[in-house]
Amino acid sequence: MVLVSACLLGEACRYDGRSQRSERVLAVLEGKAVVPICPEAAAGMGIPRPPVDLSGGTGVDVWAGRARALTRETREDRTAAFQEGARMALDAARRFDVPVALLKEKSPSCGSQRVYDTGVLRPGEGITTALLRADGRTVVSDEDL
């Protein structure tokens with residue numbers, strides 16, 4: 001069983017209201033049980049929604065209180081909503097006993113190697129990825145397939 005970013009499966013849940021359907025991801029998942037997640041939509045942030053960047057660090061830093069999730073244009077603090085979505089993803093992983101997540105790279109929630117920090121793509125992980133990894137789960141980037 002695999003936890004998967006819903007946008008990669010073709011759900012139009014990205015911040016811009018589109019999907020990020022990936023035939024490569026779908027091929028890898030063929031025959032596997034999948035638990036689709038979109039932490040941002042699950043937390044009620046809406047579709048579409050303003051783009052958000054991390055500010056001051058990575059998802060690990062957000063959980064430690066050293067960084068925030070801010071909308072790109074107005075700098076509105078959306079940290080609490082992102083954390084709520086991450087907790088919902090972790091709850092799903094625990095409920096279905098899912099050891100591995102395949103998530104969308106560069107997302108402030110799901111990025112596992114690179115995320116945007118105040119408009120600049122930097123090494124690091126998103127808020128949901130950090131929580132899943134802290135719970136001992138493996139997170140793989142869609143870009144690694």
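A nonpolar core is a set of buried Ala, Val, Leu, Ile, Met, Phe, Trp, Tyr and Cys residues joined through side-chain atoms within 4.5 Å. Keep that in mind, everyone. The structure on the screen is a predicted model.

Let's start inside. The largest nonpolar core here has 25 residues. Leu-3, Leu-103, Ile-127 and Leu-132 have the most contacts inside this core. Which elements supply at least two residues each? They are strand 2 (34-37), strand 3, helix 4 (79-95), strand 5 (100-103) and helix 5. Helix 4 gives the largest share, 7 residues. There is also a second, separate core. That one has 10 residues, and Leu-8, Val-25, Leu-29 and Leu-102 are included.

Now pick out Leu-103. Set aside the neighbours within four places in sequence. Leu-103 is then in contact with Leu-3, Val-4, Ser-5 and Leu-8, among others. Its list also includes Ile-37, Cys-110, Thr-129 and Leu-132. Val-139, Val-140, Ser-141 and Asp-142 are on that list too.

Next, helix 5. Is helix 5 largely enclosed or largely open? Largely enclosed by the rest of the structure, because 6 of its 8 residues are buried. The buried ones are Ile-127, Thr-128, Thr-129, Ala-130, Leu-131 and Leu-132. After helix 5 comes Gly-136, and its phi is positive, near 90 degrees.

Is Glu-125 buried or exposed? Buried, because its relative accessibility is 13%, and the cut-off for buried is under 20%. What does its side chain meet? The side chains of Glu-125 and Arg-133 are joined by a polar contact of 2.5 Å. Beyond four places in sequence, Glu-125 is in contact with Leu-54, Thr-58, Gly-59 and Val-60, among others. Gly-111, Ser-112, Val-115, Ala-130 and Arg-133 are also among its contacts.

On to Thr-71. Thr-71 sits in strand 4. With a relative accessible area of 2%, Thr-71 is buried. From C-alpha to C-alpha, Thr-71 and Leu-54 are 8.7 Å apart in space, and 17 residues apart in sequence. Thr-71 touches Pro-50, Pro-51, Val-52, Glu-76 and Arg-78, if we skip residues up to four places away.

Ser-19 is in the loop between strand 1 (2-5) and helix 1 (23-29). Its relative accessibility is 26%, so Ser-19 counts as partly exposed. A polar atom of its side chain lies 3.4 Å from the backbone nitrogen of Arg-21. Skipping residues up to four places away, Ser-19 touches Cys-7, Gly-10, Glu-11, Ala-12 and Arg-14. And Val-62? Ser-19 and Val-62 are 43 residues apart in sequence and 26 Å apart in space, C-alpha to C-alpha.

Arg-14 takes us to the largest pocket. Which residues lie nearest the centre of this pocket? Arg-14, Tyr-15, Lys-106, Ser-107 and Pro-108, out of 25 lining residues. Helix 2 (39-42) and strand 3 (52-55) are the elements that give two or more residues to that lining. By type, the lining divides into 14 nonpolar, 3 polar and 8 charged residues. The space in the pocket is about 420 Å³.

Last topic: backbone details. Where is the cis peptide bond? Look at the bond from Ile-47 to Pro-48, with omega near -5 degrees. Pro-48 is in the loop between helix 2 and strand 3.

Now two positive phi values, each in a residue other than glycine. Arg-75 has phi near 65 degrees. Arg-75 is in the loop between strand 4 (68-71) and helix 4. Its relative accessibility is 35%, so Arg-75 counts as partly exposed. Thr-118 has phi near 50 degrees. Thr-118 lies in the loop between strand 6 (114-117) and strand 7. Thr-118 is partly exposed too, because its relative accessible area is 44%.

To recap: the largest core has 25 residues. Helix 5 is largely enclosed. Glu-125 is buried, and its side chain has a polar contact with Arg-133. Thank you.

How values were computed
Residues numbered from 1 in each chain as written. Predicted model: local features only at pLDDT ≥ 70, side-chain atom pairs only at ≥ 80, totals over all residues. Heavy atoms only, no water. Buried < 20%, exposed > 50% of the residue type's maximum accessible area, 1.4 Å probe, protein only. Polar contact = N/O pair within 3.5 Å; in protein donor to acceptor, adjacent residues only side chain to side chain. Contact = heavy atoms within 4.5 Å. Helix = DSSP H or I, 4+ residues; strand = E, 2+ residues; numbered from the N terminus. 1 Å grid on protein atoms, 1.4 Å probe; cavity = no way out; pocket = protein on both sides within 12 Å on 5 of 7 lines; lining within 4 Å. Points joined across faces, edges and corners; volume = space filled by probe spheres on them. Nonpolar A, V, L, I, M, F, W, Y, C, P; charged D, E, K, R; others polar.
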